[in-house]
Amino acid sequence: MQQTHDREPDIDDATYDLLVVGSANADLMIGVERRPAPGETVLGSDLATHPGGKGANQSVAAARLGARAVLLARVGDDAHGRLLLDSQRAAGADTVGVLVGGAPTGVALITVDPSGDNSIVVSPGANARLTPEDIRAAGSLLAASRVVSTQLEIPVESVTELVRTLPNAARFVLNPSPPAPLPAEVLAACDPLVVNEHEARYILGGTSSDLPEDWARELLALGPRSVVITLGADGALTADGSGSPVTVPSPKVDAVDTTGAGDAFTAALAWRLGLGEDLPTAAAYAARVGAASVTRQGAQESYPTVDEVEVLPA
């Protein structure tokens, strides 16, 4: 199958606030009263199909906030791929970096329980075909971007190539989800490394402490320039080695669906860092964005505008 860009690049006179390199999936969602035990079948709600994927989620979240966002990803030449492209354009994200073809669009199978918690299984599809060669070919996009953000729903070798290709002036943000072993050169480029508790424990190979402050110090010792640990309803903790870790709060909201909340947080954080905010200030804003996103169903459909973030309670 022929592999093509969505359109020819035209970035000579453009600067992007955020380049997101990552996955684009169709989210197939079913509500359940409870998750099935091994060997058990449970009935769920009607199937709903939503645009998703950690990369596509981040670029939509940033664009809805007003960032000049661009996505580098790969989708299939199929209905799910068209759904994802349409969602990017509707949010105002640039699809100049989206490659089409090579494999079917990735799919995420998601169950959501009444508390809003979710379980996800991902079939990578075209995401697994986003190669180091694709990263090198997108050098003009990297050169035009203040911040570059990525995740691990694409091959780790492509993430490594991204670090090697990264312009000196660009800031690199990594959410290592789903967690996987990371080369030292990738960890050293992270500014910040954004993790939840599960991801932090995985990268550390286990830890004797239950305190996020200790996790942050242990993670910094592995090489990242800075670290952000998301704490769900408790906000987030930031650390850059220059002083004690800083905890920022999250607004109290009624959670409906947590799908994609971490992506909204990371996108907002990366955008605000690119605007020049310090790490705790950017993380505090990102926590508000993440909180707003869990008050509605879905991932990309739930992402707030700037005005919706501002009206949240303190």
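## Pockets and a helix

Modeller: Start with the largest pocket: in this predicted model, helix α9 gives the largest share of its lining, 5 residues.

Colleague: Which other elements supply at least two residues of that lining?

Modeller: Besides α9, they are β3 (25–31), α1 (54–65), β7 (106–112), β8 (118–123), β11 (193–195), α7 (197–204) and α10 (279–293).

Colleague: How many residues line the largest pocket, and which lie nearest its centre?

Modeller: There are 47 lining residues, and Asn196, Thr258, Gly260, Ala261 and Gly262 lie nearest the centre. The space in the pocket is about 1,100 Å³. By class, the lining has 21 polar, 19 nonpolar and 7 charged residues.

Colleague: And the second largest pocket, what volume does that have?

Modeller: About 190 Å³. It is lined by 14 residues, with Ile30, Gly31, Ser45, Val112 and Gln297 closest to its centre. Strand β3 supplies the largest share of that lining, 3 residues, and β4 (48–52) also supplies at least two.

Colleague: Back to α9. Are its residues mostly buried or exposed?

Modeller: Buried, for 12 of the 14. Among them are Asp263, Phe265, Trp271 and Arg272. Ala261, one of the residues nearest the centre of the largest pocket, also counts as buried.

Colleague: What span should α9 have, and what does the model give?

Modeller: Its 14 residues, 261–274, should span 20 Å at 1.5 Å a residue, and the end C-alpha atoms are 20 Å apart, so the two agree.

Colleague: What is the phi of Gly276, which follows α9?

Modeller: Positive, near 105°.

Conventions. Residues are numbered from 1 along each chain as its sequence is written. This is a predicted model: local features need pLDDT of at least 70, side-chain atom pairs count only at pLDDT 80 or more; totals for chains, interfaces and linings use all residues. Side-chain values use heavy atoms; hydrogens and water are left out. Helices (H or I, at least four residues) and strands (E, at least two) are DSSP runs, numbered from the N terminus. The expected span of a helix is 1.5 Å times one less than its number of residues. Buried means under 20% relative accessible area, exposed over 50%, partly exposed in between (1.4 Å probe, protein chains only). On a 1 Å grid over the protein atoms alone, a cavity is a set of points where a 1.4 Å probe fits but cannot get out, and a pocket is an open set with protein on both sides within 12 Å along at least five of seven lines; lining residues have an atom within 4 Å of a point. Grid points are joined across faces, edges and corners, and a volume is the space filled by probe spheres set on the points. Ala, Val, Leu, Ile, Met, Phe, Trp, Tyr, Cys and Pro count as nonpolar, Asp, Glu, Lys and Arg as charged, and the others, Gly among them, as polar.
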